Protein chains: 4
Amino acid sequence: MDTNIKQRVQDSFACQPVLATIGATLTRVRSGEVTIELPIRSDLTQQHGFVHAGIVTLVADTACGYAALTLMPPLAAVLSVEFKVNFLSPATGEKLIARGWVIKPGKTIMVCQGEIHARNGGEDKLVAIILATMITREDVGLVG
Amino acid sequence: MDTNIKQRVQDSFACQPVLATIGATLTRVRSGEVTIELPIRSDLTQQHGFVHAGIVTLVADTACGYAALTLMPPLAAVLSVEFKVNFLSPATGEKLIARGWVIKPGKTIMVCQGEIHARNGGEDKLVAIILATMITREDVGLVG
Amino acid sequence: MDTNIKQRVQDSFACQPVLATIGATLTRVRSGEVTIELPIRSDLTQQHGFVHAGIVTLVADTACGYAALTLMPPLAAVLSVEFKVNFLSPATGEKLIARGWVIKPGKTIMVCQGEIHARNGGEDKLVAIILATMITREDVGLVG
Amino acid sequence: MDTNIKQRVQDSFACQPVLATIGATLTRVRSGEVTIELPIRSDLTQQHGFVHAGIVTLVADTACGYAALTLMPPLAAVLSVEFKVNFLSPATGEKLIARGWVIKPGKTIMVCQGEIHARNGGEDKLVAIILATMITREDVGLVG
């Protein structure tokens, strides 16, 4: 992966207002794999004090989408066609760590998987797993 | 559905900090069906100016979860086991309207479906569809 | 829908050996919607005497795929990108009736939904629901 | 894992008529992980000569279900609540090898993942990936 791709992911990440709203940060970009972290804040929780499933999904989907983007041509953009998420443990602790990677790269479709862990006192617990289908949109890239 | 159930959904909704954070409101509660609305704000968007798939999912999942709750016993709580969401059109316009309903009620498992429309100039467009599996946790209700 | 499309679905259906193996029949083809029936046989069941989830899925996926095909150009073919199926009741009785329809047609991607009912003594019970993503492959059509 | 569990999986496998119908065999049983093989036959294929997505799903679901069963108490039975499958490559070659494993064991719910490879001339290619939710039914076990 050339450094341009890393820069491209960072630039795109910075252009997503919702990621600033929830306080997500991009912590690693490799070819076909991206990690995002989210410090857990009480304003992101549901009624039992856990991070809401939708917020867990947001960071998981974003990690998968950028993992796909690292394998795409320069002017392409990525859109989520669909995803499925299974929730395994309550999302609680200090921060969420969402890692997404490409299982199957394709010219049009990229299938990605991701795991979201919650870090609590130095220990990581698997919170959710995502299986996502991404689509390349080169034309979107031209205007995005 | 008795009025207690409607009240129970409203009370639970008010206890979810993330719903206030994104500005979601509960607009309808019926037996087995709940509607939530989300005024579209720029701080909830991704890089193309559309509401992020994770936020669309958040309101969809919440509508499904509360639809399930309307069919549960008084002290029960509902958790998302998993869901799948397909994204059909960009989430753009004035507000999102997420309607969730129970397809198959069960003692332990409730299967729900939901549709999320974007309203733009008086016209509604289908943005996403969700198929979700919810689980009843009566013990959670005792402490939640 | 012109009659050519109906003929095209019938021809393709007849070219799938597995559909003859399990005894599935094509019972209705409309624009964007297809129905398939499967007489329940004991050699298609699992250990509790119900039709196996994989066989239920097979007819559901096939109904969705052909629903998508009805909206595609003449030489196109359809492939399943992915699907999710929820199982709601045991698949038991005289026959399964799988109806698939297109929720969102697209040039490349078609999102479909389907319901599978089991008919038992004149009564239909919802057995499963499918949400599927199909992709158009015009080039496959040229050789298919 | 005690040998009783292996025996229990073998006995249950032998009681599923559909597995004999398609010619699937149980090739490995470990604690939380099961492998099933399916020699590819032309009567299991769709119109392009590949094994039908429904048959791929059948073996994938079965591998996941038995993986869950290995972690359950003696008289329990397992049912598929739902699954999602992504199809990555055509299922063609000599045989399919479906491996399922438990990601998250639970008292009621078990979340499983699986990979299905196609072996062709000594080479294995990833054909599909499954993410499944299984439920324990102890009462079913008493009569199953």
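Strand S3 of chain A and strand S3 (residues 77–87) of chain B run antiparallel and are joined by 5 bridges; strands here are DSSP runs of E with at least two residues, helices are DSSP runs of H or I with at least four residues, and both are numbered from the N terminus. Two strands count as paired if DSSP finds at least two bridges between them. The structure is a predicted model, in which local features need pLDDT of at least 70 and side-chain atom pairs count only at pLDDT 80 or more, while totals for chains, interfaces and linings use all residues. Residues are numbered from 1 along each chain as its sequence is written, and chains are lettered from A and ligands numbered from 1 in the order in which they are written.

**Chains A and B**

- The contact involves 30 residues from chain A and 30 residues from chain B, where two residues are in contact if their C-beta atoms, placed from the backbone, lie within 7 Å.
- On the side of chain A that touches chain B, helix H2 (17–22), helix H3 (53–69) and strand S3 (77–87) of chain A give two or more residues. The largest share, 8 residues, comes from S3(A).
- The residues on this side of chain A divide into 12 nonpolar, 14 polar and 4 charged. Ala, Val, Leu, Ile, Met, Phe, Trp, Tyr, Cys and Pro count as nonpolar, Asp, Glu, Lys and Arg as charged, and the others, Gly among them, as polar.
- Because 100% of the interface residues of chain A are also interface residues in chain B, the copies meet through the same surface.
- Across the strand pair, A:Glu82 stands opposite B:Asn86 in S3(B).

**Chains C and D**

- Chain C is superposed on chain D (RMSD 0.0 Å) by a rotation of 180° with 0.0 Å of shift along its axis.
- C:Lys84 is the residue of chain C that comes closest to the rotation axis, at 2.0 Å (C-alpha).
- In this pair, 30 residues of chain C are in contact with 30 residues of chain D. S3(C) gives the most to the side of chain C that touches chain D, with 8 residues.
- S3(C) and strand S3 (residues 77–87) of chain D pair in the antiparallel sense over 5 bridges, and C:Glu82 has D:Asn86 in S3(D) as its bridge partner.

**The sheet of chains C and D**

- An open sheet of 12 strands with antiparallel pairing has the order S1(C)-S2(C)-S4(C)-S5(C)-S6(C)-S3(C)-S3(D)-S6(D)-S5(D)-S4(D)-S2(D)-S1(D).
- Strand S1 (25–30) of chain C and strand S1 (25–30) of chain D stand at the edges, each with a single partner strand, so one side of each is left without a neighbour in the sheet.
- From one strand to the next, the twist averages 20° (axes are lines fitted to C-alpha atoms, for helices over the stretch in contact, and angles run from 0 to 180 degrees between N-to-C directions).
- S3(C) is also joined to strand S6 (residues 123–137) of chain C, antiparallel, by 10 bridges; C:Leu79 has C:Ile135 in S6(C) as its bridge partner.
- Helix H1 (residues 3–14) of chain C lies across S1 and strand S2 (33–39) of chain C and runs at about 155° to S1(C).

Methods: Least-squares fit on C-alpha atoms with pLDDT ≥ 70 in both.
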